[in-house]
There are 2 protein chains.
Amino acid sequence: MKVFVIGAHGNVGRLLVQQLKEKGDEVVAGIRKPEQAHEFSDMGIETAEFDLLGRPEEMGVLLDGFDAVVFTAGSGGKTGDDMTLLIDLDGAVKSMQAAEIAGVKRYVMVSAMHAENRNRWGDQIRPYYVAKFYADEWLRHRTTLDYTILEPGALTFDEPTGQISTDDLEGGRIARADVAAAAVAVLHEPATIKRTIPMKAGDTPIEAAIR
Amino acid sequence: MKVFVIGAHGNVGRLLVQQLKEKGDEVVAGIRKPEQAHEFSDMGIETAEFDLLGRPEEMGVLLDGFDAVVFTAGSGGKTGDDMTLLIDLDGAVKSMQAAEIAGVKRYVMVSAMHAENRNRWGDQIRPYYVAKFYADEWLRHRTTLDYTILEPGALTFDEPTGQISTDDLEGGRIARADVAAAAVAVLHEPATIKRTIPMKAGDTPIEAAIR
């Protein structure tokens, strides 16, 4: 499977491209700045500069010929930062439109736990949740993409356990490496199309939990 | 007609409530802070505190029994201000949901010229346009409201002329008092339901232009 990862230089993104390569997928790391390329070329991974502030038509050219796109870019969710609107919301939606322009049907969004439920947004990163909510809603209702939305809990740098829970009743934490592994599993499991999957650290092996 | 104006203390809002009252409509001025009330009570206009950071269910209680809602609130569109996301986007959408909860079908949104066309957003207030775009799109596609979206050009404090153009081919300027007059005309013209109407200063009398 030929996968384009948007936000490959992020903390989930760099784990994801490594895991995809290890699994034998063909992966291109979408990066923001040319100086981010060497980290990937050192691992034998191709890169492409992908500007989320650009136009969908420009982005679409870069996605031509891929089987799937994963969006795991993030502005960082800082408060008082226009990038939340421009990257996490409009940048994400433009990348969906780019996938449609390029004819790439499969689109996996790395979102955030409870992004779909305004009543559960924490006050501190509420603007980030607003952006994720409207981006996810666009993906569900305004595209014809074969999407999957992943909603991980609070991201940690813990060692991966290879096990998660997809019970969304309570908040929770999850290692970034396990989120990356879940994204890999989702890409290879068509039953996850049109699904929103909450996830936190748990005790079910990832591939089984995803199925 | 009983009209609730969200953002009544704003520069368009305060002109709108005055004009509605002069036309014989029953109007309630939705304000953000209690200290904004006296300006309206001095004119014999009822006020209600309407918190766009609150929940749709709370807002809905205030809209109960009205024939129409006009949204003309704005965070000011300052860059680097989370209020763009929280007010112009999510606040606006929550007010639509509140109208639906209250059974108020008619909803008039004061948006901005070219808000529907990403290629024409100015760089300086691009975050504001992002917020308006997704709010307007929600109104069009995710509600069952009888909406009208007004897209005025750059707002001025010029004397009103009572005349506008609804040609959207070029940008333009328009007096806030003429935008308010257009909103009044739209509320009384059912043919404007489900329409997006660009407007700038021009030479067609407002009621004729709206028809």
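This is a predicted model: local features need pLDDT of at least 70, side-chain atom pairs count only at pLDDT 80 or more; totals for chains, interfaces and linings use all residues.
Reader: How should I read the size of the interface, and what area is buried between chain A and chain B?

Author: The size of an interface is often given as the accessible area lost when the parts come together. Here about 2300 Å² is buried between chain A and chain B, and carbon and sulfur atoms give 58% of that. A:L85, A:R118 and A:Y134 supply 26% of the area that chain A buries against chain B, more than any other three residues. Counted by contact, 27 residues of chain A meet 27 residues of chain B.

Reader: And how many salt bridges are there between chain A and chain B?

Author: Side chains of opposite charge can pair when their charged atoms come close. Between chain A and chain B the count is four. One of the salt bridges joins B:R142 to A:E137, with the closest N and O atoms 2.9 Å apart. Over all chains, the structure holds twelve. Among them is the one between A:K23 and A:E207, at 3.7 Å from N to O. A:K23 belongs to helix 1 of chain A and A:E207 to helix 7 (residues 206-210) of chain A, so this pair ties together parts 184 residues apart in sequence.

Reader: Now the sheet, please. In what order do the nine strands of chain A stand?

Author: Strands of a sheet pair through backbone hydrogen bonds, either parallel or antiparallel. In chain A, nine strands form an open sheet with mixed pairing, in the order 3-2-1-4-5-6-10-8-11. Strand 3 (46-49) and strand 11 (204-205) of chain A are at the edges with a single partner strand each, so one side of each has no neighbour in the sheet.

Reader: Which sense do strand 1 and strand 2 of chain A pair in, parallel or antiparallel?

Author: Parallel: strand 1 (residues 2-6) and strand 2 (residues 26-31) of chain A pair over five bridges. For A:K2, the bridge partner in strand 2 of chain A is A:E26. Helix 1 (residues 13-23) of chain A lies across strand 1, strand 2 and strand 4 (68-71) of chain A, and runs at about 170 degrees to strand 1.

Definitions and conventions
Residues are numbered from 1 along each chain as its sequence is written. Chains are lettered from A and ligands numbered from 1 in the order in which they are written. Side-chain values use heavy atoms; hydrogens and water are left out. Contact means heavy atoms within 4.5 Å. Buried area is the accessible area (1.4 Å probe) that two parts lose on being put together, summed over both. A salt bridge is a side-chain nitrogen of Lys or Arg within 4 Å of a carboxyl oxygen of Asp or Glu. Two strands pair if DSSP finds at least two bridges between them. Helices (H or I, at least four residues) and strands (E, at least two) are DSSP runs, numbered from the N terminus. Axes are lines fitted to C-alpha atoms, for helices over the stretch in contact, and angles run from 0 to 180 degrees between N-to-C directions.
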